[in-house]
Amino acid sequence: RSFMTHLGCMEDFRGSQILTNFHDLNSSDRSATPDHQHVHIAGYYNIPGFWDEELAGKLAEIREVQSKRNEKTTISLVPQHDATDEWDG
């Protein structure tokens with residue numbers, strides 16, 4: 001089994017670009033931070049912009065918003081395969 005991937009726009013995608021409407025943690029306007037019950041991230045190894053701490057920070061921000069609301073958002077991550085076999089952690 002194998003995959004072929006053309007990075008295209010994924011090459012420029014950043015973790016900070018996920019759900020950008022979660023930026024206002026103090027908003028009393030619930031429409032400013034819409035409800036998301038599940039966030040799915042796929043292709044982690046194929047998106048270099050996820051490898052720094054931006055993605056981790058954004059996911060923590062989502063959890064913080066949901067915690068303040070006493071709600072829960074589940075998060076799943078499918079890393080895919082590191083085609084270079086160089087990923088060490």
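Start with the salt bridges, of which the chain has four; a salt bridge here is a side-chain nitrogen of Lys or Arg within 4 Å of a carboxyl oxygen of Asp or Glu. Side chains of opposite charge can pair when their charged atoms come close. The model is predicted, so local features need pLDDT of at least 70 and side-chain atom pairs count only at pLDDT 80 or more, while totals for chains, interfaces and linings use all residues. Residues are numbered from 1 along each chain as its sequence is written, and side-chain values use heavy atoms, with hydrogens and water left out.

**Select Arg14, Asp52 and Glu54.** The side chain of arginine 14 forms a salt bridge with that of aspartate 52, at 2.3 Å from N to O. This pair links distant parts of the chain, 38 residues apart: arginine 14 is in the segment before strand 1, and aspartate 52 is in the loop between strand 1 and helix 1. Arginine 14 also forms a salt bridge with glutamate 54, where the closest N and O atoms are 2.9 Å apart. Because glutamate 54 lies in helix 1 and arginine 14 in the segment before strand 1, this pair ties together parts 40 residues apart in sequence.

How accessible are these side-chain partners? Arginine 14 is partly exposed at 28% relative accessibility, aspartate 52 is partly exposed at 32%, and glutamate 54 is partly exposed at 28%. Buried means under 20% relative accessible area, exposed means over 50%, and partly exposed is in between (1.4 Å probe, protein chains only).

**Move along helix 1 to Glu64 and Lys68.** Lysine 68 and glutamate 64 form a salt bridge, with 3.7 Å between the closest N and O atoms. The two are four residues apart in helix 1, so about one helical turn separates them. Glutamate 64 is partly exposed, at 38% relative accessibility.

**Colour by secondary structure.** The chain has one helix and two strands, in the order β-α-β from the N terminus. Helices (H or I, at least four residues) and strands (E, at least two) are DSSP runs, numbered from the N terminus.

**Select the core.** The largest nonpolar core has nine residues: Ile18, Val39, Ile41, Tyr44, Ile47, Phe50, Leu55, Leu59 and Ile62. Such a core is a set of buried Ala, Val, Leu, Ile, Met, Phe, Trp, Tyr and Cys residues joined through side-chain atoms within 4.5 Å. Strand 1 (38-42) and helix 1 (54-68) are the elements that give two or more residues to this core; helix 1 supplies the largest share, three residues.

Centre on phenylalanine 50. What does phenylalanine 50 touch, not counting residues up to four places away in sequence? Its contacts (heavy atoms within 4.5 Å) are Phe13, Arg14, Gly15, Ile18, Ile41, Tyr44 and Leu55.

**Finish at Ser76.** Serine 76 is in strand 2 (residues 74-78) and is partly exposed at 21% relative accessibility. Leaving aside neighbours within four places in sequence, serine 76 is in contact with His38, Val39, His40 and Ile41. From serine 76 to isoleucine 41 the C-alpha to C-alpha distance is 6.2 Å, across 35 residues of sequence. The side chains of serine 76 and histidine 40 make a polar contact at 2.6 Å.  A polar contact is a pair of N or O atoms within 3.5 Å; within protein, one must be able to donate a hydrogen and the other to accept it, and residues adjacent in sequence count only if both atoms are side-chain atoms.
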